[in-house]
Amino acid sequence: TLVKITMVEPNREQPRKTFDEESLNELAESIKQFGVIEPLVVQKRDEFYEIIAGERRWRAISQLEDKEYKELYPSGIPAQIKIFESPIDEEIAIIAANADDRDEAQEDRRNSILRLKELYEIKRSNGDISYTNISKLIAEKIKISQRQVIKYTNTEKLIPELIELFNRETISIIGKIHSYATRVPASFVTK
């Protein structure tokens, strides 16, 4: 399906909050050379299409000059239109679609994984899923190891000062979080 770029809007629930300008410029150049290799994933809203996956591609295409855009996509940009059964499934899809982004900041990734954990726990409590190993489910959904999921979810147990250092990537503690968080009593890791 082709959708006019003026009919596409970013998703307000996009878990990723930062977009590297240099990376977007490189992607725009790549799109000029090779086109859009993977279509955007969108859903129909009232008068527009909302992005589920592909906001970086949309931003890169939006950077192109009108002439370049019209030469590449005279009828619209490639998009796949999705329909979701529930708002929870929609949010899971948004997070999963953005989880494989190499440029994602650690804080965004951690927040995304924590939100997925919340969403899957809601689905489990509603009886929508019976799966008990939520970290494994998250790992499969966003294509990382279950161990990485556990490490990110255990950052909740760190004191705020360490979380801030972790978010700014001043320290790299991801490999140690699980072992410390499971051994240290809660009174030592929270204020």
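Visitor: In which handedness of crossing does H5 pass H6?

Guide: A crossing is left-handed if the near helix is turned anticlockwise from the far one by less than a right angle, and right-handed if clockwise. Here H5 passes H6 in a right-handed crossing. This is a predicted model, where local features need pLDDT of at least 70, side-chain atom pairs count only at pLDDT 80 or more, and totals for chains, interfaces and linings use all residues. Residues are numbered from 1 along each chain as its sequence is written, and side-chain values use heavy atoms, with hydrogens and water left out.

Visitor: At roughly what angle do the axes of H5 and H6 cross?

Guide: Helices are DSSP runs (H or I, at least four residues), numbered from the N terminus. Axes are lines fitted to C-alpha atoms over the stretch in contact, and angles run from 0 to 180 degrees between N-to-C directions. For H5 (residues 106-125) and H6, the axes cross at roughly 120° and come within 10 Å. Angles under 35 degrees count as roughly parallel, over 145 as roughly antiparallel, 65 to 115 as roughly perpendicular and the rest as oblique. H5 and H6 are therefore oblique to each other.

Visitor: Which residues of H5 and H6 meet?

Guide: Contact means heavy atoms within 4.5 Å. From H5, Ile113, Leu116, Lys117, Tyr120, Glu121 and Arg124 meet Ile134, Leu137, Ile138, Lys141 and Ile142 of H6. By class, this contact of H5 with H6 has seven nonpolar, no polar and four charged residues. The classes are nonpolar (Ala, Val, Leu, Ile, Met, Phe, Trp, Tyr, Cys and Pro), charged (Asp, Glu, Lys and Arg) and polar (the others, Gly among them).

Visitor: How do H6 and H7 cross?

Guide: The axes of H6 (residues 134-142) and H7 (residues 146-153) come within 8 Å, crossing at roughly 115°. H6 and H7 are therefore roughly perpendicular to each other, and H6 passes H7 in a right-handed crossing. Ser135, Lys136, Ile138 and Ala139 in H6 meet Gln146, Val149 and Ile150 in H7. By class, the contact of H6 with H7 has four nonpolar, two polar and one charged residues.

Visitor: Which charged ends sit over rings?

Guide: A charge sits over a ring if NZ of Lys or CZ of Arg is within 6 Å of the ring centre and within 35 degrees of the ring normal. The charged end of Lys44 sits over the ring of Tyr49, 4.9 Å from its centre. Likewise, the charged end of Arg59 sits over the ring of Phe19, 4.1 Å from its centre.

Conventions: Helices (H or I, at least four residues) and strands (E, at least two) are DSSP runs, numbered from the N terminus.
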